[in-house]
Amino acid sequence: MENALSGIRILDMTHVQAGPTASQLLAWLGADVIKFEPPSGDITRGQLRDIPNADSLYFTMLNCNKRSITANMKNPAGKEVFVGLLKKCDVLMENFGPGVLDRFGFSWEAVHEINPRIVMASIKGFGSKGPYAEFKAYENVAQAMGGAMSTTGFDDGPPLVTGAQIGDSGTGLHLVIGILAALQARAHSGKGQYVEVAMMDSVMNLCRVKFRDHQRLTRQILSEYSVDTTGRHATPRSGNDSGGGQLGNAVKCKPGGPNDYVYVVVQEVVWDKLARRVGGAAMAEDPRFATIGERRKNQGIMWGMLNDFAGQYDKRELMALLNELEVPCGPIMSTEDLANDEHVKLREMYVELDHPVRGPWHNVGMPIKLSDNHVPIQRSPLLGEHTDQVLKEVLGWDSQQIESHRSAGAFTK
Ligand SMILES: CC(C)(COP(=O)(O)OP(=O)(O)OC[C@H]1O[C@@H](n2cnc3c(N)ncnc32)[C@H](O)[C@@H]1OP(=O)(O)O)[C@@H](O)C(=O)NCCC(=O)NCCS
């Protein structure tokens with residue numbers, strides 16, 4: 001069956017999280033992704049191991065539907081494998097530290113010369129130019145430097161990282177968009193181009209509304225924030241405030257566990273119905289809540305009343321009750337809640353897979369659903385599982401050629 005990216009072959013040198021999430025999505029869109037690993041493998045194969053000698057969940061969850069080939073780029077025979085594949089692929093992906101590919105002798109200019117049609121896609125912490133260009137980066141470094149940490153948490157507490165991996169997986173999404181655009185451009189021009197995504201830039205992009213508020217501060221206080229923004233020059237941390245035009249916050253439910261909360265958006269159009277349900281006519285007609293401006297000013301009192309109401313219900317009951325009133329809301333779902341959720345199951349967003357070493361395990365499913373793309377999710381490859389297969393099928397090598405490269409050190413340390 002033809003899938004969205006059938007016929008697109010990707011030489012995937014990515015490692016850790018940011019790059020592999022991107023190439024996994026491309027594999028789930030139907031591309032043939034050849035994970036090109038050093039002989040010791042992607043470092044995450046052995047990180048946070050939960051089963052002795054089995055590839056870690058860190059690795060397996062980010063590298064499904066790929067083929068694995070190993071080759072030593074510090075050995076001429078290994079480089080020959082790389083150049084051979086470069087000529088046969090549509091996209092080269094990498095997220096090495098600054099200068100690594102250049103040191104191998106494969107700058108964008110060199111890659112483009114070898115294969116003018118290839119799209120080369122790189123993730124760097126801070127891009128290829130600027131004062132930070134030479135720095136390495138991990139998830140939380142990007143969250144710190146892209147504006148996420150300074151705007152996450154409570155005003156009287158330290159900056160916080162978010163659980164969502166916006167620095168790594170978020171950057172991976174940006175890379176996928178760049179790759180797809182470059183492939184589309186190539187369909188017209190016949191030429192590949194270089195796609196560069198910096199983790200810091202991606203986090204800034206995801207923090208766009210915080211820069212909206214940053215500029216509003218020069219003209220007005222941020223009346224929707226529950227913290228006083230008078231005299232501030234930077235967007236503050238605002239706890240669980242909604243961050244949009246409608247008021248929102250998390251209210252506490254019974255029995256009072258760490259995730260027994262429901263996030264409630266007090267949308268303008270539902271205020272009257274909500275107020276009548278929570279506090280009867282007295283609340284609906286209370287002048288302190290008569291307009292959105294008044295509700296913003298008195299939101300501490302309003303959230304107090306909503307919290308008292310919420311405490312009578314568990315989070316599922318409250319979700320059902322509020323949805324009947326068409327109030328936008330969401331219970332705070334733990335990973336355990338999600339792993340067992342009927343809706344999640346139905347949408348194939350937590351899928352069971354098997355693995356020859358680790359046995360059964362789960363992966364988060366494909367979040368982008370296309371009507372004509374049906375790639376069944378398959379386990380991640382073992383290290384070098386497809387080396388011979390790829391060399392034969394893609395490069396047309398015979399067993400003798402493979403063995404001569406093997407003895408020349410192409411695949412071993
Ligand atoms: C993530 C990061 C900090 C890891 O740093 P690191 O472990 O020091 O790894 P680097 O990418 O800098 O270097 C990889 C090394 O593996 C070597 N290597 C990679 N593939 C190889 C291969 N096939 N054969 C031989 N060597 C290989 C490289 O030569 C390099 O070694 P060198 O420094 O001796 O040249 C860094 O890669 C980085 O900043 N990446 C860009 C930002 C990013 O994506 N971060 C998010 C990660 S989730």
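Colleague: Across which strands does helix α8 (residues 199–206) lie, and at what angle to β6?

Modeller: Helix α8 lies across β5 and β6 and runs at about 65° to β6. Such angles run from 0 to 180 degrees between N-to-C directions, with axes fitted to C-alpha atoms, for helices over the stretch in contact. Helices here are DSSP runs of H or I with at least four residues and strands are runs of E with at least two, numbered from the N terminus. The model is predicted, and local features need pLDDT of at least 70, side-chain atom pairs pLDDT 80 or more, while totals for chains, interfaces and linings use all residues. Residue numbers start from 1 along each chain as its sequence is written.

Colleague: What makes β5 and β6 a pair?

Modeller: DSSP must find at least two bridges between two strands, and β5 and β6 have five, in the parallel sense.

Colleague: What is the order of the six strands in the open sheet, and why are β3 and β6 said to stand at the edges?

Modeller: The order is β3-β2-β1-β4-β5-β6, with parallel pairing. β3 (66–70) and β6 (194–198) each have a single partner strand, so one side of each has no neighbour in the sheet. Neighbouring strands are turned by 20° against each other on average, direction ignored.

Colleague: Why does Val 16 count as buried?

Modeller: A residue is buried with 20 or more other C-beta atoms within 10 Å of its own, exposed with 12 or fewer, and partly exposed in between, C-beta atoms being placed from the backbone. Val 16 has 20 such neighbours, so it counts as buried. It is found in the loop between β1 (9–12) and α1, and its phi is near 60°, a positive value in a residue other than glycine. Most residues other than glycine have a negative phi.

Colleague: Why does Asn 65 count as buried?

Modeller: With 23 C-beta neighbours inside 10 Å, Asn 65 falls in the buried class. Asn 65 also has a positive phi, about 55°, and its place is the loop between α2 (57–60) and β3.

Colleague: Why is Leu 353 called partly exposed, and why is Asp 398 called exposed?

Modeller: Leu 353 has 17 C-beta neighbours inside 10 Å, so it falls in the intermediate class. Asp 398 has 9, so it is exposed. Leu 353 is found in strand β10 (residues 350–353), whereas Asp 398 is in the loop between α16 (387–393) and α17 (399–407).

Colleague: Which residues does Leu 353 touch, not counting residues up to four places away in sequence?

Modeller: Leu 353 touches Trp 361, Asn 363, Ile 377 and Arg 379, a contact being two C-beta atoms, placed from the backbone, within 7 Å. The C-alpha atoms of Leu 353 and Gln 378 are 7.1 Å apart, at a sequence separation of 25 residues.

Colleague: What makes up the largest nonpolar core?

Modeller: The largest core has 62 residues, and Ile 10, Leu 11, Leu 26, Val 91 and Ile 179 have the most contacts inside it. Its largest share, six residues, comes from α1. A core of this kind is a set of buried Ala, Val, Leu, Ile, Met, Phe, Trp, Tyr and Cys residues joined through C-beta atoms within 7 Å. A second, separate core of 20 residues includes Cys 253, Val 266, Trp 271 and Leu 318. Among the residues that Ile 10 touches are Leu 26, Val 33, Cys 89 and Val 91.

Colleague: Which of the 22 residues around the ligand come nearest?

Modeller: Val 16, Pro 38, Asn 95, Gly 97 and Lys 136 come nearest; to be near, a residue has its C-beta atom, placed from the backbone, within 6 Å. The shell divides into eleven nonpolar, six polar and five charged residues. Ala, Val, Leu, Ile, Met, Phe, Trp, Tyr, Cys and Pro count as nonpolar, Asp, Glu, Lys and Arg as charged, and the others, Gly among them, as polar. α1 (18–28), α4 (100–104) and β5 (119–124) each supply at least two residues of the shell.

Colleague: Which residues does a cis peptide bond join?

Modeller: The bond joins Lys 254 and Pro 255, with omega about 5°. Most peptide bonds are trans. Pro 255 is found in the loop between β7 (247–252) and β8 (261–266).
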